[in-house]
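Look through the structure first, then read the points by topic.

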Amino acid sequence: MVTLEMSGFCINQNKSIKNAMRLIDRTGLRIAFLIDDKKRLVGVITDGDIRRELLKGLNLESCVKEIMNKDPFIIKEEWDETEINKFLKTKRVSRNIPKHDFRRIPVLDKNNRIVDIIFASKDGFESYTKSQLKTVTKKRKIKHINRVLVVGGAGYLGSILCRKLLEKGYLVRVLDNLTYGDHGIKDLYKNPKFEFIEGDMRDIQTVVDCVKDVGAVIHLAAIVGDPASALDPEETIEINYFGTRMIAEICKYSQINRFIFASTCSVYGASPTPDTKIKEESQLNPVSLYAEMKLKSEQGILELVDENFSPTILRMSTLYGLSPRMRFDLVVNTLTIKALMENEFTIFGGGQWRPNLHVSDAADAYIKCLESPIENIGGEIFNVGSNDENYKIIEIGETIKDDLPQINMKIDETKIDERNYNVSFDKIEKQLEYITHFTVKDGVEEIKKAVENGDFTDYTNHKYNNYAFLQNNNLQVDIE
Ligand SMILES: NC(=O)c1ccc[n+]([C@@H]2O[C@H](COP(=O)([O-])OP(=O)(O)OC[C@H]3O[C@@H](n4cnc5c(N)ncnc54)[C@H](O)[C@@H]3O)[C@@H](O)[C@H]2O)c1
């Protein structure tokens, strides 16, 4: 008797590859069991098989039986634990059990109907019905995604995110052209679960190679920040917009349906009603090429949404905090380092609202999206931050001064940043149960401790400032 839960992992062999992929994305099992009209198992197909075949030219609408594995490993219902272990240890099976993953093997009754799924790893096996998959996935032993590609993973946010993904057991591949060097990731080269590909995300062939065997793509690469993006507008348009569209298209074609894009609350720009909290559907007023390209990219990505392709747009607050690829061109970090090293800083204007987010909390938002059911995040835009961390710039200055009372806080009313947005984070809190763990005060404290430890004696080095670095022709790049 096939249980309802088991039938949720099965699909008729006459359905399309697109249907099979949708089932795989929805169950999170990374495999679909193909059955005939009598519900007997006739083959299996994995997400990896589908993606490989698509790149060989197969049409997404083709019948899934054309590419299914007709001779999969199977376990018989009547086998006891010893017999299962004996089978898993046979040469033929054991060499096909991956190193950092599980192999999903169907358990069949006498009529060839699925009654259970065995998750076999190098360390043994777990049964679906005994362990109840949902509990197992919650404990994160079994992942619905194995390998993640982080484009721009060597940057300020990427180098934190990669570490968190590795800690959680993901295989991480980074594509980055190391614009600012490899300080952020060089410690990871020796980690067997980490793979680095140096290359330009504008290059189609590079991207096609990088997406092979990945289950999700997180796209962070960009020329980041208003001043840096204004230096070479053509390059910014190529990387931040054309490149982004191209990567999203490649993912859609390859059925990498979880695609998470790093956007920014800067798309709200000069809000006409800055004292009212801005929601995802509020008016957008980008005031820089950087924000305009993020907005166009968001639109380009969302145009690609269909029943399968399920991208997510994360409009992040301005980040702060320590990262192995440190940036001192972000408001909290800049004011803090100036306060610590020069005993003074200048606030321009000060009345503008700005939401702030610790870089570690930002990384958690990407992981939250990776681990949420695809139907909860597909085609969605989320503001990322905390309702408690919207501050006027002057308040950020005051928070730093509270910690370092001896400093001189100057205010310059002549140069005022037009960006002014006070953002609501209700949607991400409610829909994804996302909460942040750090405050601006924590960020100031951690930078203070790092400086006390003797880090950042070279804080004026251009490598900490995207604009200064790019303007000075990348002369100080330091790659090991
Ligand atoms: N830092 C923030 O406050 C903030 C706020 C909102 C959104 N974001 C977005 O988050 C993402 C990450 O920002 P970050 O602060 O880590 O920036 P970053 O400048 O530290 O990192 C960007 C990374 O992209 C890489 N890159 C640039 N062009 C590339 C190319 N052509 N090919 C391959 N790699 C390339 C760079 O080498 C770098 O490692 C960006 O998309 C940014 O727009 C950042």
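An automatic or database domain assignment divides the protein chain into domain 1 (4-138) and domain 2 (147-471). The model is a predicted one, in which local features need pLDDT of at least 70, side-chain atom pairs count only at pLDDT 80 or more, and totals for chains, interfaces and linings use all residues. Residues are numbered from 1 along each chain as its sequence is written.

**Domains and their contact**

- The centres of domain 1 and domain 2, taken over C-alpha atoms, are 38 Å apart.
- Between the domains, 12 residues of domain 1 are in contact with 12 residues of domain 2; two residues are in contact if their C-beta atoms, placed from the backbone, lie within 7 Å.
- On the side of domain 1 that touches domain 2, helix 2 (17-27) and helix 3 (47-55) each supply at least two residues, and the largest share, 6 residues, comes from helix 3.
- By type, the residues of this side of domain 1 are 4 nonpolar, 2 polar and 6 charged. Here Ala, Val, Leu, Ile, Met, Phe, Trp, Tyr, Cys and Pro count as nonpolar, Asp, Glu, Lys and Arg as charged, and the others, Gly among them, as polar.

**Overall build**

- The protein chain has 19 helices and 19 strands; these are DSSP runs, with helices (H or I) of at least four residues and strands (E) of at least two, numbered from the N terminus.
- For 480 residues, a compact globule would have a radius of gyration near 23 Å, and the 25 Å of the protein chain agrees with this. The radius is taken over C-alpha atoms, and the globule rule is 2.2 Å times the number of residues to the power 0.38.
- Along the principal axes, the C-alpha atoms fill a box of roughly 80 × 45 × 40 Å.
- Buried residues make up 44% of the 480 residues. A residue is buried if 20 or more other C-beta atoms lie within 10 Å of its own, exposed if 12 or fewer, and partly exposed in between, with C-beta atoms placed from the backbone.

**Nonpolar cores**

- A nonpolar core is a set of buried Ala, Val, Leu, Ile, Met, Phe, Trp, Tyr and Cys residues joined through C-beta atoms within 7 Å.
- The largest core has 97 residues, of which Val148, Val150, Val217 and Leu314 touch the most other members. Helix 14 (residues 359-371) gives the most to this core, with 7 residues.
- Apart from this core lies another, of 33 residues, including Met6, Leu41, Val64 and Phe119.

**Ligand shell**

- The ligand is surrounded by 28 residues, the closest being Gly152, Gly155, Tyr156, Thr179 and Leu319; a residue is near a molecule if its C-beta atom, placed from the backbone, lies within 6 Å of it.
- Helix 8 (156-167), strand 12 (258-264) and strand 14 (318-320) give two or more residues to the shell, and helix 8 gives the largest share, 3 residues.
- The shell divides into 15 nonpolar, 8 polar and 5 charged residues.

**Backbone points**

- Leu178 is not a glycine, but has a positive phi of about 55°. Leu178 lies in the loop between strand 9 (171-176) and strand 10 (194-198), and is buried, with 21 other C-beta atoms within 10 Å.
- Phe456, also not a glycine, has a positive phi of about 65°. Phe456 is partly exposed, because 18 other C-beta atoms lie within 10 Å.
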